[in-house]
Amino acid sequence: MAGGRLGCGFLMAFRSLLGKLLADVPQALGAIFVDPEGEAVDWVARAGDPYGLKIEGAYHSIFMRHLHSVAATSGSGGIASVVVAGSRLVTLTQALPDGYHVVLVVAREASQAQALNCLRSSARAFAEQLA
């Protein structure tokens, strides 16, 4: 975990926030909180091995870093969130302070608007914990 900044109390709060996000989005398959280097800080999943979720989180952290760089170069402002829709899954990534991100993976048929709304609400709570 980046810089060892996050202690046990923080991790319990993050696990709780991730669990609430999964509960609030019925067709969510998993959610992951990643540090600025793309490493999994914590995650929750409905079923199965979290390996795929960790890989998804790492890649989306890389995507967000590159998008932030492009946005800074072009002067278009910061990138708050990204939605990538595939044929079976949709991955939503929300930027947090200090280079952290929350990534939510949902089934393709899920309401993307609901998922993004819940992710943004969750991100505000994560940001408060990181402050």
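Predicted model: local features only at pLDDT ≥ 70, side-chain atom pairs only at ≥ 80, totals over all residues.
**Exercise 1. Work out the strand order of the open sheet and find its edges.**

*Solution.* 
- Order the strands. The open sheet has five strands, arranged β2-β1-β5-β4-β3, with antiparallel pairing.
- Find the edges. β2 and β3 (81-85) each have a single partner strand, so one side of each lacks a neighbour in the sheet.
- On average, neighbouring strands are turned by 15° against each other, direction ignored.
- Zoom in on one pair. β3 and β4 run antiparallel and are joined by five bridges. Ser 81 has Gln 94 in β4 as its bridge partner.

**Exercise 2. Describe the nonpolar cores and say which element supplies the largest share of the largest one.**

*Solution.* 
- Start with the largest core. It has 26 residues. Phe 33, Leu 104 and Val 106 touch the most other members.
- Trace the contributors. At least two residues come from each of α1 (8-24), β1 (28-34), β2 (40-45), β4 (89-95), β5 (101-107) and α3 (112-130).
- Pick the main supplier. α3 gives the largest share, seven residues.
- Look for another core. A second, separate one has five residues, including Ile 32, Val 34, Leu 53 and Val 103.

**Exercise 3. Find the salt bridges and compare where their partners lie.**

*Solution.* 
- Count them. The structure holds two salt bridges.
- Take the pair of Arg 15 and Asp 42. Their side chains meet at 2.4 Å, N to O. Arg 15 is in helix α1 and Asp 42 in strand β2, 27 residues apart, so the pair links distant parts of the chain.
- Arg 15, at 41% relative accessibility, is partly exposed. Asp 42, at 6%, is buried.
- Take the pair of Asp 24 and Lys 20. The closest N and O atoms are 2.6 Å apart. Both residues lie in helix α1, four residues apart, about one turn of the helix.
- Finish with accessibility. Asp 24, at 32%, counts as partly exposed.

Technical notes. Residues numbered from 1 in each chain as written. Heavy atoms only, no water. Core = buried A, V, L, I, M, F, W, Y, C linked by side-chain atoms within 4.5 Å. Buried < 20%, exposed > 50% of the residue type's maximum accessible area, 1.4 Å probe, protein only. Salt bridge = Lys/Arg side-chain N within 4 Å of Asp/Glu carboxyl O. Pairing = 2+ DSSP bridges. Axes fitted to C-alpha atoms, helices over the stretch in contact; angles between N-to-C directions.
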